[in-house]
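Subject: Structure handover

Hello,

Here is the structure I promised to pass on. Please open it and keep it beside this email while you read.

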Amino acid sequence: MSCWFSTLPDWVNPSVLVYLTCLDISVRELHQVDLKILGKLPALCSLELEVDEKNLSVLKTFVVGAGSFPCLVCCDLRRFVWPVVFQRGAMPRLREIQFLLCYVMRASGVACSGGGLNFGLGNLPSLERVDAFLLSERASTQEAERAKAVLIHAAEMHPNNPHHDIAFI
């Protein structure tokens, strides 16, 4: 059973949680500043972050900046409807990343994530595995296939040639 927070709780604080190595958290609303706070947790090795994809008011691209998540090895981003972009210098030790991505139709006024976007997977130097599961019931077949192709291309172009599994569920 999952416990949902409306936003990132105040107790998630890098100066207090200096020894926290694993975090599994579900939030209704996530903002760029929250991602920065999580990225400053000094010992975090494993992150499972789930967001509420129904909250369309917070749709935007998230950027994982340089220096963020210095110890992270495994990352699971669930129910994101917008892209996450990794800058050079972010997550230097990340070996495994998993996405559970939701898509919304263009008719709703929100463009399908993945349409030609460079996620920056090539900026993750230790990457060995990429798994992406696409919930595409709210996207056209063409949009869903395009998103899948972008993710496959990003994994195949990575210098480490990480093992990847990109599929619709």
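Let me start with the surface. The accessible surface of the protein comes to about 8200 Å². Carbon and sulfur atoms hold 54% of that area. Keep in mind that this is a predicted model.

Next, the overall build. The protein has two helices and nine strands. Read from the N terminus, the order is β-β-α-β-β-β-β-β-β-α-β. The chain counts 169 residues, and 47% of them are buried. Now look at the contacts with a separation of 6 or more: 64% of them join residues 24 or more positions apart.

Rolling a probe the size of a water molecule over the atoms shows where empty space is left. The largest pocket holds about 170 Å³ of space. Its lining has 12 residues, and the closest to the centre are Asn118, Phe119, His153, Ala154 and Met157. What classes of residue make up this lining? Six are nonpolar and six are polar.

Now the rings. Searching the whole structure gives four aromatic pairs.

Start with Phe62 and Phe80. Phe62 sits in strand 4, residues 62-64. Phe80 sits in strand 5, residues 74-80. The pair therefore ties together parts that are 18 residues apart in sequence. Are these two residues buried or exposed? Both Phe62 and Phe80 are buried.

Go on to Phe99 and Phe119. Here the ring centres are 6.5 Å apart and the planes lie at 45°, so the pair is tilted. Phe99 belongs to strand 7, residues 96-102. Phe119 lies in the loop between strand 7 and strand 8, the latter being residues 129-135. This pair ties together parts that are 20 residues apart in sequence. Phe99 and Phe119 are both buried.

One residue links two of these topics. Phe119 is among the residues closest to the centre of the largest pocket. Phe119 also belongs to a cluster: ring pairs link Phe86, Phe99 and Phe119.

Best wishes

Note on methods: Residues numbered from 1 in each chain as written. Predicted model: local features only at pLDDT ≥ 70, side-chain atom pairs only at ≥ 80, totals over all residues. Heavy atoms only, no water. Helix = DSSP H or I, 4+ residues; strand = E, 2+ residues; numbered from the N terminus. Buried < 20%, exposed > 50% of the residue type's maximum accessible area, 1.4 Å probe, protein only. Contact = heavy atoms within 4.5 Å. Areas by Shrake-Rupley, 256 points an atom, 1.4 Å probe, with all protein chains shown as cover. 1 Å grid on protein atoms, 1.4 Å probe; cavity = no way out; pocket = protein on both sides within 12 Å on 5 of 7 lines; lining within 4 Å. Points joined across faces, edges and corners; volume = space filled by probe spheres on them. Nonpolar A, V, L, I, M, F, W, Y, C, P; charged D, E, K, R; others polar. Phe/Tyr/Trp six-rings, centres within 6.5 Å; stacked < 30°, edge-to-face > 60°.
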